[in-house]
Amino acid sequence: YNYHFEKSGIPLSALEIRDEYLKNKAADITLVKGPDRVPTEIYPELNNRTKELFARIYTWISWDKYNNKYTNWPKMDSSDLVMYQDDYFKTHTWIRDGKPHWAYNTRYLHLVPDRKAIEWTPNTIASKVVIDGSKAKIELSSNTPNLKTYQMKEMPGGEWKGVSTPVEIALEKNTNEIVFRTENLADVTGPEHKIIIER
């Protein structure tokens, strides 16, 4: 829609918008338009819908189970929906066209009670470090769609280079500072993940 919601200048996810709507009808968040982030209280492209009514759209959120719905249809069953099963879901009914949503009590509705399983942070890295004498073995993992490679840079002043996991590092200094990041197939890099090992 060329709009998004922010709170204190930070863009919100779909579940965060839902939280804010269920808490107080989105009173504490801001609807902004376009890359210039122009604040507005009205969404004119849809019958001048108010910020509150726009946020209400997020009351019932479902995610497609598959991320290639439009490129693989009709070869696959593309109707599978993932939904967050919180207290609101348990005590309310999702109404569509005047009756409970068609996915209720079917194999197509996948309920997820763990919010982190839905709202994960992509492109970040988790690491496991094992030190053996003067060497460190670093195992990297990441939920990066279309991951091409991990990159590593030894500080200070090192250059980025592609690495596979696990990575073995010789601990030659008293303070060894290593930075990692992901790179996807579009050559977009993720946030930096820093490891400091002191001997």
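Rings of Phe, Tyr and Trp (the six-membered ring for Trp) are taken as a pair if their centres lie within 6.5 Å, with planes under 30 degrees apart called stacked, over 60 edge-to-face and the rest tilted. With that rule, a search of the whole structure turns up 10 aromatic pairs. This is a predicted model, in which local features need pLDDT of at least 70 and side-chain atom pairs count only at pLDDT 80 or more, while totals for chains, interfaces and linings use all residues. Residues are numbered from 1 along each chain as its sequence is written, and side-chain values use heavy atoms, with hydrogens and water left out.

A pair of aromatic rings is described by two things, the distance of the centres and the angle of the planes. For Tyr3 and Tyr43 the centres are 4.8 Å apart and the planes stand at 85°, so this pair is edge-to-face. Helices (H or I, at least four residues) and strands (E, at least two) are DSSP runs numbered from the N terminus. Tyr3 lies in strand S1 and Tyr43 in strand S5 (residues 42–43), so the pair ties together parts that are 40 residues apart in sequence. Buried means under 20% relative accessible area and exposed over 50%, with partly exposed in between (1.4 Å probe, protein chains only). Tyr3 counts as buried at 12% relative accessibility, and Tyr43 counts as buried at 4%. Tyr43 also forms a stacked pair with Phe54, at 4.6 Å centre to centre and 10° between the planes. Phe54 lies in helix H2 and Tyr43 in strand S5, so here the parts tied together are 11 residues apart in sequence. Both Tyr43 and Phe54 are buried. Ring pairs link Tyr3, Phe5, Tyr43, Phe54 and Tyr58 into a cluster.

Next comes helix H1. In H1 (residues 14–24), Leu15, Ile17, Arg18, Glu20 and Tyr21 are buried. These buried residues pack against strand S1 (3–7), helix H2 (51–56), strand S7 (63–64), strand S8 (81–84) and helix H4 (87–91), where contact means heavy atoms within 4.5 Å. Just after H1, Lys25 takes a positive phi of about 60°.

As for the sheets, two strands pair if DSSP finds at least two bridges between them. Strand S3 (residues 30–33) pairs with S4 in the antiparallel sense over 3 bridges, and Lys33 stands opposite Val38 in S4. The loop between S3 and S4 holds Asp36, which is exposed, with a relative accessible area of 68%. From Asp36 to Gly133 it is 53 Å in space, C-alpha to C-alpha, and 97 residues in sequence.

Leu147 stands opposite Asn184 in S17. S14 also pairs with strand S15 (residues 161–163), again in the antiparallel sense, over 3 bridges. Here Met152 has Lys161 in S15 as its bridge partner. The hairpin of S14 and S15 has 5 residues between the strands, and in this hairpin Gly157 takes a positive phi near 80°.

One more ring deserves a mention. The charged end of Arg181 sits over the ring of Trp160, 3.9 Å from its centre; the rule for this is that NZ of Lys or CZ of Arg is within 6 Å of the ring centre and within 35 degrees of the ring normal.
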